[in-house]
Amino acid sequence: FFFVVCTMDDDDECEFEYEEEDDYQIEDDGDEDMIDDDAEVEVENKYYNAKGEVDDCPKEAYNMLLEVLEREKENGSPGKWTFKALKQLVKCSFKLKKFDEMRQRYKELLEFSWPGLTRNHTEKAINKCLDVASTAGAQVLQSLYEITLERLGKDTKNQEKLWFNIKLKLANLFFETRDFNVLRGMVTELKNWCRDADGSYDVKKGTQLLTVYSLEIQMQTELKDYKTLKTLYSESLEVESAIPPPRILGIIRECGGKMFMRQGNWEDANSAFFQAFKNYDEAGHPRRIQCLKYLVLANMLASSNINPFDSTEAKPYKNDTEIVAMTDLIDAYGCNDIKRFERILKDNRSTIVDDPFIKGYIDPLLKTIRTQVLLDICKPYTRIRIPFISQELNIVDEEVEALLVGLILDNRLVGFIDQVNQLLHLGGSTTQGSRYQALQKWTAQIGVIHSTLCSRIG
């Protein structure tokens, strides 16, 4: 004969211990103790029966949990089963979409106290309840975060890290709802939490500080405040003694890459996106695929001779369904195959062009590859017809002339354009080149004066 002793830990996991009948002895402490034990067992059984119905029959579970509260109250010593029942009532209320009731039960849970309650119990209960309500909507989540912060405000010294984490979750919620006015104040408050008494940043809180920086950098990226963004990006890279999650570093590096892209600094953007991709990949975050696309984009705009898919980190993703189009694109770019390049862009709108960030750089990207092809076309000739170049690049004559003017002014091409005969003369003397550049500048200045006069007359 065996009997089972069931002991419950904080996560309601049951461990079974089996003992021989000979070792089982009952000490007679009186009928009153037996009644208390029976009442305890009854409440325990009711709790676990209710807990088993929460997912499938939340309404029935809700009523059973209320009985648990009532029975413990009748026993005169509400304790751990009341605490556990309140936690499950929060979950039941969420499933029944009774959000006002959920908030009320959550308040009761936070205010409840019993001799065996530890800080660890409270933190676990808070985190579980907030995880359960994570899909309840911004308004409900905001109210739960604020209730939690109000409760923790009474005991900030003992639970300051929990306060920081909840405050950070609330700040992220305001970022998602784009309430940047409120978010600015919260970022300042979170940064102040990371400071010492003398006002300098606490080295021990470097990880938390970097997390706040990542949120602020995302906000400034959305606001397009590039001056502030540049300062924040530099400051974030100088944070000491920080061991942040790779995802946080990925966010910072990605935003930095986008900042460099808007500045036209393709090389630094290429480097930042590569670091971001590695961070996301280390974290196993799905954002790594999108960041790899941005890396390929920056790589082509930088006219780099290094294929990003040759790296150890990127090679495994070369044949990913989301990446294949970018792989083909960079192959066409490396071969200066402009027609194939444009066809890939056209045939893969969903994976390339439909991305708002990539879409903004399609024109500069096309200009880059057209420029490379144009330089290759011109190499064997001393003069070449502009309509022929137009046909090769699949663009109109005026666009070809604009590309040629830019190359001549940048001294990447030596020659001059004969617009009357639609010819490009290559290898002209230095005098001819200087004269052509002077004429171009003169023409540009006349255009500016003309525009100014027209605006004043208008």
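Leu-439 is partly exposed, at a relative accessible area of 44% (buried means under 20%, exposed over 50%, and partly exposed in between, with a 1.4 Å probe and protein chains only). The model is predicted, and local features need pLDDT of at least 70, side-chain atom pairs count only at pLDDT 80 or more, and totals for chains, interfaces and linings use all residues. Residues are numbered from 1 along each chain as its sequence is written, and side-chain values use heavy atoms, with hydrogens and water left out.

Leu-439 sits in helix 21, residues 430-457 (helices, H or I, of at least four residues and strands, E, of at least two are DSSP runs, numbered from the N terminus). Together with Trp-442 and Ile-446, Leu-439 makes a nonpolar surface patch of about 320 Å². Such patches take residues with over 30% relative accessible area and no salt bridge, joining like charges within 9 Å and nonpolar side chains (Val, Leu, Ile, Met, Phe, Trp, Tyr) within 5 Å; a salt bridge is a side-chain nitrogen of Lys or Arg within 4 Å of a carboxyl oxygen of Asp or Glu. Areas come from the Shrake-Rupley method with a 1.4 Å probe, and for residues only the protein chains shown count as cover.

Turning to the sheet, 3 strands form an open, antiparallel arrangement in the order 3-5-4 (strands pair if DSSP finds at least two bridges between them). Strand 3 (383-385) and strand 4 (415-418) are the edge strands, each pairing on one side only. Strand 5 (residues 423-426) pairs with strand 3 over 3 bridges, and Leu-423 of strand 5 is the bridge partner of Arg-385.
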